[in-house]
Amino acid sequence: MPKIRGLAEIVIWVHDMDAALAFYRDVLGLNPLFPPDGRGAVFLRAGEAPVNCPQQVVLVPLPAGTEAFPQERSKRSLHHLGLEIAPEDFDGERQRLQGLGFDVRLGEHPFLPLKGMYIDDPDGNEVEIISSRT
C-alpha cells in the first residue's frame, strides 16, 4: 500500500474565473504556476512545497449558464478547504480580511491545538485559514 506524503491539490469548480482568481490570487496570495490550461483551469501554488509536486488549488471554470451552487451548505459536495498560516500572522490576517469586507468567522479545532477563521470565496465555498494556537 502506498504511503501518502501530503496533499497535492484541491480542484474547485468556479462560475466566474475572474472573481475566483481575484480571490485566491489577490486576496489569499496564492501564486499561479502556469498559464491557464486548455480547459481554462488555473493552477495556484499554496505554500512552499517542492516544485515537482506543489501543493495547489486548481480553479476549473464551469460552463456558462451553470446553476449556482445550493445556498444550503449541507447540499454541497465541498464542506470547506483549509490553508495554513503562521500563528504570528493570524490576528493581522483576520484584521486585513475584515478590512476588505469579508465576514470572518472564528473557530477552534475540536481535538488539535489549532484555531481557524473562515471566509467565503465568490462561489460561496468556505475557506478556512488555520494556524497553531499559541
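Which residues of the largest nonpolar core touch the most other members? Select Tyr 24, Leu 28, Leu 59, Leu 83 and Val 127, which hold that place among its 24 residues. A nonpolar core is a set of buried Ala, Val, Leu, Ile, Met, Phe, Trp, Tyr and Cys residues joined through side-chain atoms within 4.5 Å; buried means under 20% relative accessible area, with a 1.4 Å probe and protein chains only.

The model is predicted, so local features need pLDDT of at least 70, side-chain atom pairs count only at pLDDT 80 or more, and totals for chains, interfaces and linings use all residues. Residues are numbered from 1 along each chain as its sequence is written, and side-chain values use heavy atoms, leaving out hydrogens and water.

**The aromatic pairs**

Next, display the aromatic rings: the whole structure holds three aromatic pairs. Rings of Phe, Tyr and Trp (its six-membered ring) pair if their centres lie within 6.5 Å, and planes over 60 degrees apart count as edge-to-face, under 30 as stacked and the rest as tilted. Phe 23 and Tyr 24 are edge-to-face, at 4.8 Å centre to centre and 85° between the planes, and both residues are buried. Then move to Phe 34 and Phe 43, an edge-to-face pair because their planes stand at 75°, with centres 6.2 Å apart.

**Lys 115**

Finally, select Lys 115 in strand β7 (residues 114-120); a strand is a DSSP run of E, at least two residues, numbered from the N terminus. Lys 115 is buried yet has no salt bridge, and Asp 91, the nearest side chain of opposite charge, is 4.6 Å away. A salt bridge requires a side-chain nitrogen of Lys or Arg within 4 Å of a carboxyl oxygen of Asp or Glu.

Methods:
Helix = DSSP H or I, 4+ residues; strand = E, 2+ residues; numbered from the N terminus. Buried < 20%, exposed > 50% of the residue type's maximum accessible area, 1.4 Å probe, protein only. Lys, Arg positive; Asp, Glu negative; His and termini not counted.
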